[in-house]
Amino acid sequence: MNETPSRASGAAIDELYAEAHHWEVNTGGETIHAKRMPGKWRRIKWLAASVWLIFFLGPYMRWNGNQAVLFDIPNRKYHLFGITVLPQDFWMLSLLLLFFAILLAVATALVGRVYCGYFCFQTVWTDVFTWIEEKLEGSPPQRRKLDKAPMDARKIRIKLVKHSFWLLIGFLTGFSFVAWFYGAGPLWRDFFVGDANVAVYASVALFTMGTYLLAGWLREQVCFWLCPYARIQGVMLDKSTIVPTYDVERGEPRGRVKKGQVESTAVGDCVDCNQCVAVCPTGVDIRNGQQEGCITCGLCLDACDSVMEKVGRDPGLIRYASLDEIEGKPVKPMFLRARVWVYTGILALALAGIIYGLSSLAAIEVKVLHERAPLFVQLSDGSIQNKYTLKVLNKSEQDLSVRVSAESSVPIELLGAEEPLLTPSGEVTPMIVFVKIKRSDLSGETLPVTFHADTELSDGGQISAERESAFFGPSR
Amino acid sequence: MADHNPFPGENNTGHFWDDNIRELNNPPPKWWMIALWASLAWFVLYGILYPTFPVFPWQSQQDGGFTKGLLGWTSIKEYEQGVEQVEAVRAQYEEQIANMTPEQILEDPGLTQYTLASAKVLFGDYCAACHGSGGQGNPGYPVLADDDWLFGGSLAKITETVTIGRKGAMTAHETILSAAEVDQLAQFVVDLADGGEGSEADWKLFNEKGCTACHGQTGNGVLAELPDGTIITVGAANLTDSIWRFRPGGYESAKHTILYGVNQPGIEQTRDAVMPAFGDSAGSLEGKLEPDQIKKLAVYVHSLGGGQ
């Protein structure tokens, strides 16, 4: 608006409006064929998407001769870089889920739906699928034309190749997913000769079809009408959240530039070329403000900047900015916002819990079950005996010989633990022991008893675990 | 109904009422119809493959008054296959147990685990009704989790007890002893149970009245101990410990037992104390348990807390 009047370059403007009528706001009735434009955010999008290569390549990572990360469901063992996590340690999973849920919340509060725009598998896979579509079928107008054209040999050939590629990517997705659980080596060995189990084939088939349907056919409809995150994230934004925003003050009123016309100060900077709608993968018009369909991918920023450059105006008519900033209100620094602190606090707690859990994973664990019927038995020498079932869990990779002992505040006799208990790797081994206490030593009906389990690893490391239980006696 | 369609190109069926009320042809979405036909196809296919239709009413259900289906699946068959799978896992243990003595089983931790788990079910079925789910006993039925045994707590003795059963016996002394003597003896056994020594007069009476014939010279229920450690007993209670055969124990209880005895025919108030025989040779009970089952139970009872 503040620009000095200048002459817009004629040819570029003609080109702009030639296709403007194509770009309509998505109402679900038509397939969105978004235009692809190079730019800064496009590059960042590819970079962010490339993180997903870990999903495909990760299963081939090795660690000490084994697959580095393997979720071995049949054996209920989860290997993470040399650490073995058993189902007993799964409280950490809830902390991990909490961590990621809050990470999503904190990211949303600060920079909006950045996850949706750059990392979400739906976005990334759809992006790759439409990239393939463009390579095979051409630009959006060509694609529309092809969709309307009658079936002929050429159309069948193109569509066949496209769908084959889509299915291939779907298959690779499923195959890579299963490799995290089945092991990449065994999967390559078993899968193609029919030796893998039904669950493997079913999972791969499900993922293949799921990927094909969701990224090939449903695309942005998932973001609009299937994904709960879209709705949840929408309410986590506030006026200081930085999202792609159309600068209304600067852009309105919109006015089409005409060839040879001297620019008037009466109209805003928006030239109403609809390029921002053209490139939008969900087909929304960002100029209507932040809305549920906007996945904040930043592609409209690239489009608008390139147009501004063509017509000789400043870039940034659509830019990453908070609503406060656009409205000219003072921008609150990040660390003054309460929700940033609350979210960060929860993040730190969850992370601390996971680190504590992983660092304190003991190789053995003892559980003590006190016999209930009878709670105690009186022996012929007058002493009281309690029966306990110890469950010793060996989480290490080697078979261990575990010595069990018990102590209490009064002298006790432990029976049944004279020989060390042999515990196979990864298994829970039960052991029945008896504790005898002289009746004269018993002061109340119950007495705490602590059981100790000690063992030695093959490398000489000492490991011990303990568990408190109770000793029951007759009432006086 | 109008012959002329005033709303052309509207996708109506050509049925009109009152000039402008008409029936439109709005078919359900394609995916919905596909799902409908797919579920119909599923139903037909299922009907062909699995038992479905009760179409032969003249036949009873047992004879198969229904379509069998091409796969020949029945829920009973599936159940039997499941049982077979479990049996296959058990078989490897059962084969070993069949050729082992209870002592050998106890030396193998893996087999002991299996035996205890397996015998727990047997114990629940055959023993727990009287002896309690954990061997804690019931009034009139001995505790199996303690180390006080009437007929011996070795694996061999426990096996024998389960196989042939036990029936204790004690004479009723109502007509044999005077009231004062009964009273003195009852006081005496309460004293012994509480850790007392008993007076000379008590021991004299105990001896004279023939109590030692069953309860032993020291009153501990042991008649003799052979050089190899075998204990000879007739199943009389150990009077020197604080465990009472007939609960709740104490003076009144002891007096009752002395007066009316145990398992005495014709005496109404006599104590009942019969352990049925569970073995093959037990004619009257038609051999409820196989020898291998008794073997497992012996290991189980021995491990309850007081095996000798």
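Author: To start with the two chains, 14 residues of chain A are in contact with 18 residues of chain B. On the side of chain B that touches chain A, ten residues are polar, four are charged and four are nonpolar. Keep in mind that this is a predicted model.

Reader: What makes two residues count as "in contact"?
Author: Their C-beta atoms have to lie within 7 Å. With that cut-off, 71% of the contacts in chain A with a separation of 6 or more come from residues 24 or more positions apart.

Reader: And what is chain A built from?
Author: Chain A has 16 strands and 17 helices. Of its 476 residues, 29% are buried.

Reader: Why is A:P244 called buried?
Author: The cut-off is 20 or more other C-beta atoms within 10 Å. A:P244 has 24, so it is buried. You'll find A:P244 in strand β6 (residues 243–246) of chain A.

Reader: Which residues is A:P244 in contact with, leaving aside its neighbours in sequence?
Author: Setting aside those within four places, the contacts of A:P244 are A:I286, A:C294, A:T296, A:G298, A:C300, A:L301, A:I318 and A:Y320. Take A:G298: it is 54 residues from A:P244 along the chain, yet their C-alpha atoms are separated by 6.3 Å.

Reader: How do you know that the length of α15(A) agrees with what a helix should span?
Author: Helix α15 (residues 299–310) of chain A has twelve residues, and at 1.5 Å a residue they should span 16 Å. The end C-alpha atoms of α15(A) are 17 Å apart, which agrees.

Reader: Which residues of α15(A) are buried?
Author: They are A:L299, A:C300, A:L301, A:D302, A:A303, A:C304, A:D305 and A:V307. Just after α15(A) comes A:G312, with a positive phi of about 75 degrees.

Reader: Why are α6(A) and α10(A) called roughly perpendicular?
Author: That label covers angles from 65 to 115 degrees. Helix α6 (residues 121–137) and helix α10 (residues 198–218) of chain A pack at about 75 degrees, with their axes 8 Å apart. The two helices are therefore roughly perpendicular to each other. The residues making the contact are A:Q122, A:W125, A:T126 and A:F129 of α6(A), and A:T211, A:L214, A:A215 and A:G216 of α10(A). By class, that contact has four polar, four nonpolar and no charged residues.

Reader: What makes β13 and β16 of chain A edge strands?
Author: The open sheet they belong to has four strands, in the order β13-β11-β15-β16 (chain A), with antiparallel pairing. β13 (421–423) and β16 (462–472) of chain A each pair on one side only, and that is what marks them as edges. From one strand to the next, the twist averages 30 degrees.

Reader: How do you know that β15(A) and β16(A) count as a pair?
Author: Pairing needs at least two bridges between the strands. Strand β15 (residues 446–456) of chain A is joined to β16(A) by eleven bridges, and the two run antiparallel. In that pair, A:H452 stands opposite A:E466 in β16(A).

Reader: How many bridges join β3(A) to β4(A)?
Author: Strand β3 (residues 69–72) and strand β4 (residues 77–80) of chain A share four bridges and run antiparallel.

Reader: Over in chain B, why is β1(B) called hardly covered?
Author: Burial needs 20 or more other C-beta atoms within 10 Å. In strand β1 (residues 12–17) of chain B, the count of buried residues among its six is zero. β1(B) pairs with strand β2 (residues 21–24) of chain B over three bridges, in the antiparallel sense, and B:F16 stands opposite B:R22 in β2(B). The hairpin they form has three residues between the strands, with B:D18 in the turn at a positive phi of about 50 degrees.

Reader: And what makes α11(B) "mostly covered"?
Author: Nine of the twelve residues of α11(B) are buried, including B:I294, B:L297 and B:Y300. The covering elements include α2 (75–98), α3 (102–107), α4 (109–126) and α6 (155–164) of chain B. Helix α11 (residues 291–302) of chain B reaches 16 Å from its first C-alpha to its last, close to the 16 Å expected.

Technical notes
Residues are numbered from 1 along each chain as its sequence is written. Chains are lettered from A and ligands numbered from 1 in the order in which they are written. This is a predicted model: local features need pLDDT of at least 70, side-chain atom pairs count only at pLDDT 80 or more; totals for chains, interfaces and linings use all residues. Ala, Val, Leu, Ile, Met, Phe, Trp, Tyr, Cys and Pro count as nonpolar, Asp, Glu, Lys and Arg as charged, and the others, Gly among them, as polar. Axes are lines fitted to C-alpha atoms, for helices over the stretch in contact, and angles run from 0 to 180 degrees between N-to-C directions. The expected span of a helix is 1.5 Å times one less than its number of residues. Angles under 35 degrees count as roughly parallel, over 145 as roughly antiparallel, 65 to 115 as roughly perpendicular and the rest as oblique.
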